Amino acid sequence: MKSLYLKPAWNLPGKPLKHSWNSIGNIDQFKWFVRGDVQSQLALARRELGMTHIRAIGMFASELKILDYSPLEATLPEKRKKINYSVVDYCLDSILDAGMKPVLIPCFMPEEFAAGNQKCWGASICPPRDLSEWTAFLRDVMNHFQDRYGKAEMRSWLYEIWNEPNLEEFFWAGSRESWFQFWEATRRTIKQTDSAFRVCGPSTARADWIKDFLLFSRDHNCLPDILSTHVYNTDAKVRKYIPFDGPESERTEGSPHFLSGVVRGVRKLTDSLGFTGEIHWNEWGRSSRPYDPYRETPLEAAYIVKTMAEVSQEADQFSLWCLSDVYDQCGYTPSEFCNHYGMLTLHSLRKPAYKAHQLLNRLGTSQIACAGGDAFRGAIATENCGERKVLVYLYPETVRDVPPDPVSVSVELPAGEHPAPILFRIDSRENNIAAEWKQLGSHPYPDREEIAYLQSRNALSAAPESDVAIATGPDGKTVAEFRLECPGAALLEF
């Protein structure tokens, strides 16, 4: 059996550990906030993950009826659309009722203001035909929100201008230069409501446009308060566009280290440009593909922990895409488990990715250096007020369908007496609700009895106390020993 020996430096002072993985979540589209199940998922993420903000695109999509005919004019020969805040207000109220704050994104373009006919999900992705007409509309919207919620409340929100404008074939039917002008005008309108509102951008895919965007924003006095952008490990196929810091071998599409190199590369670039604001990776993940055969497995959990161990301190926020399988960008979710993006299934079952965030959130805020491991295996160790925690990850050098590989893990303990360690594992059997679903027969639409059973088996659960042995290591040090499958993640607490 393979082995991993970890040596946290318990006798040395720690350094601050930002929990950069837990504050902002993503929902597929703004329209889903009308659903009771999504509202319940927001409350769950607030309670269990400490999530404070939720982000979703499409606030001005046609389903939200932000511009619509009034029933008062239904019998009139001539009708005209007017602003109707009813649905948008309901969605914002739902976010606030769940104890969270919105990341307000004024997109997509209401077709009444659009310069063309290109659409995404039935909503216009065109620039406005008249920037002054657009900003007048947005000013009315912001004033309405101010009247309804108040500036003090709105200062706790975040504001984002658009989603992935560099993907012209999907989200922006205009040039980069036209979007830079749109950014300047839209940001100015938001800031005119209250200069304290924090505006994020450019929220590009693949960490694109960063340098040119910051230079434009500096020259036109419209710098973002928060630099936001996106990256997936599968973006390596278009790597020529992306800032990168790391060996050339990690730029290949098959490397699991590509995303970490991009995060370091963007940090290096923004430092060189003198940007001092926050950096948010408000979409990230191992795979950008709607279907990925490993997304609901322990491999996903191991990748999340591995990546946060490598680069969580290189930015202020990492927001995994996405929170929920309530999703309709590439067809509506067809099964309780279908290897889709969400950390929660349609019935709010916690996938390994969600459990990985639960383990991360249990860490302390003082990180202890931890020797041992390699590029694929390692740990984050913390100590706060006598509570010591070691979060271990095992990631395979080659991703393929093979039986899990058991590894014997040894963690050095500090001198003295310790309470019995508590162990949480995410592997092929433990904290793996998809495996439980398969044992029931993999029904795409579980009945109510099956859902109730799966929900009863879905809490984060500790391994039996007997699965952790206290022993003497090869150099006479006291160690805690346990087995962990690769791929997998485990948290040892004592």
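Started with salt bridges. I'm working from a predicted model, and the count I get is 37 salt bridges.

First pair I looked up: D93 and R148. Their side chains meet in a salt bridge, 2.5 Å from N to O. D93 sits in helix 2 and R148 in helix 3, 55 residues apart, so I noted this as a link between distant parts of the chain. Buried or exposed? D93 counts as partly exposed, because its relative accessibility is 22% and the buried class needs under 20%. R148 is also partly exposed, at 42%.

Next, the two helices themselves. Helix 2 covers residues 86-97 and helix 3 covers residues 131-149; they pack at about 45 degrees, axes 12 Å apart. That angle makes helix 2 oblique to helix 3. I wrote down the crossing as right-handed. Which residues make the contact? From helix 2 I listed V88, D89, L92, D93 and L96, and from helix 3 H144, F145, R148 and Y149. Sorted by class, that contact has five nonpolar, one polar and three charged residues.

Then I turned to R176. It forms a salt bridge with E177, closest N and O atoms 3.7 Å apart, and D212 forms one with R176 at 2.6 Å. The D212 pair links helix 6 (residues 210-219) to R176 in helix 5 (residues 176-193), 36 residues apart. I checked accessibility too: R176 is partly exposed at 26%, E177 partly exposed at 45%, and D212 partly exposed at 31%.

How values were computed. Residues are numbered from 1 along each chain as its sequence is written. This is a predicted model: local features need pLDDT of at least 70, side-chain atom pairs count only at pLDDT 80 or more; totals for chains, interfaces and linings use all residues. Side-chain values use heavy atoms; hydrogens and water are left out. Axes are lines fitted to C-alpha atoms, for helices over the stretch in contact, and angles run from 0 to 180 degrees between N-to-C directions. Helices (H or I, at least four residues) and strands (E, at least two) are DSSP runs, numbered from the N terminus. Angles under 35 degrees count as roughly parallel, over 145 as roughly antiparallel, 65 to 115 as roughly perpendicular and the rest as oblique. A crossing is left-handed if the near helix is turned anticlockwise from the far one by less than a right angle, and right-handed if clockwise. Contact means heavy atoms within 4.5 Å. Ala, Val, Leu, Ile, Met, Phe, Trp, Tyr, Cys and Pro count as nonpolar, Asp, Glu, Lys and Arg as charged, and the others, Gly among them, as polar. A salt bridge is a side-chain nitrogen of Lys or Arg within 4 Å of a carboxyl oxygen of Asp or Glu. Buried means under 20% relative accessible area, exposed over 50%, partly exposed in between (1.4 Å probe, protein chains only).
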